[in-house]
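Me: Please look over the following protein with me. I shall ask about individual residues and then about the fold as a whole.

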Amino acid sequence: MLNTAPLSLNNSHTLQQVVVTWPNNDIQTISHQRLRGACPCAKCRAARIQGKIALVDADVKLIAMNPMGYGLQMVFSDGHDRGIYPWSYLHELST
Ligand SMILES: [Zn+2]
C-alpha cells in the first residue's frame, strides 16, 4: 500500500483518464468514469451500498484535482466535488 504522493499526475480531457506515476515507477491509468464511480465521500459510499452505482454518467469528466496533502479532492463535470481520494485508495483503483 502506498501512502505517498505520486511523482506525477496527468489528467487527459481527451482520453477521459488520469495517468498516475507512483514513486516505485508503477504507472496507473484510471478512467474518469471509474474515479467518479469510486468517489469515497459519505453520500457516494451510501449510494453504492444501496446499489445505485449505475447513476454515474458514462460521459462524466474529471475537471480538477486539488492536492489535499494525504490525497486529492476531485471535481467532476456533474458538479460533484465532495470526494477526497487518499493516495492509498487511488492506488487500489483499477481502470
Ligand atoms: Zn461522492
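Me: In which loop is Asn25 found?
Reply: The model is a predicted one. Strand 3 covers residues 27-31. Asn25 is found in the loop between strand 2 and strand 3.

Me: Is Asn25 buried or exposed?
Reply: A residue counts as exposed when its relative accessible area is over 50%. Asn25 has a relative accessibility of 57%. Asn25 therefore counts as exposed.

Me: What is the phi of Asn25?
Reply: Most residues other than glycine have a negative phi. Asn25 is not a glycine, yet its phi is positive, at about 75°.

Me: Where is Gln16 found, and what is its phi?
Reply: Gln16 belongs to the loop between strand 1 and strand 2, the latter spanning 17-21. Although Gln16 is not a glycine either, its phi is positive. The value is about 55°.

Me: What relative accessibility does Leu62 have?
Reply: Leu62 is found in strand 4, which covers residues 62-67. Beyond four places in sequence, Leu62 touches Asn11, His13, Val18, His32, Leu35, Met74, Val75 and Phe76. Leu62 counts as buried because its relative accessibility is 0%.

Me: What separates the C-alpha atoms of Leu62 and Arg82?
Reply: Leu62 and Arg82 are 20 residues apart along the chain. Their C-alpha atoms are separated by 13 Å.

Me: Which backbone oxygen lies 2.6 Å from a polar atom of the side chain of Tyr89?
Reply: Tyr89 is found in helix 3, residues 87-92. Apart from neighbours within four places in sequence, Tyr89 is in contact with Ala38, Pro40 and Arg48. The backbone oxygen at 2.6 Å from the side chain of Tyr89 is that of Ala38.

Me: What separates the C-alpha atoms of Tyr89 and Pro40?
Reply: Pro40 is among the residues in contact with Tyr89. The two residues are 49 residues apart along the chain. The separation of their C-alpha atoms is 8.8 Å.

Me: In what order do the elements of the protein run?
Reply: The protein has 3 helices and 6 strands. From the N terminus on, the order of these elements is β-β-β-α-α-β-β-β-α.

Me: What is the radius of gyration of the protein?
Reply: For 95 residues the globule rule gives 12 Å, and the protein comes close to this, so it is as compact as a globular protein of that length. Its C-alpha atoms fill a box of roughly 35 × 30 × 20 Å along the principal axes. The radius of gyration is 13 Å.

Me: What share of the contacts with a separation of 6 or more comes from residues 24 or more positions apart?
Reply: Of the 95 residues, 38% count as buried. Among contacts with a separation of 6 or more, the share from residues 24 or more positions apart is 41%.

Me: What share of the accessible surface belongs to carbon and sulfur atoms?
Reply: The accessible surface of the protein comes to about 5,500 Å². Carbon and sulfur atoms account for 53%.

How values were computed
Residues are numbered from 1 along each chain as its sequence is written. This is a predicted model: local features need pLDDT of at least 70, side-chain atom pairs count only at pLDDT 80 or more; totals for chains, interfaces and linings use all residues. Side-chain values use heavy atoms; hydrogens and water are left out. Helices (H or I, at least four residues) and strands (E, at least two) are DSSP runs, numbered from the N terminus. The radius of gyration is taken over C-alpha atoms; the globule rule is 2.2 Å times the number of residues to the power 0.38. Buried means under 20% relative accessible area, exposed over 50%, partly exposed in between (1.4 Å probe, protein chains only). Contact means heavy atoms within 4.5 Å. Accessible areas come from the Shrake-Rupley method with a 1.4 Å probe; for residues, only the protein chains shown count as cover. A polar contact is a pair of N or O atoms within 3.5 Å; within protein, one must be able to donate a hydrogen and the other to accept it, and residues adjacent in sequence count only if both atoms are side-chain atoms.
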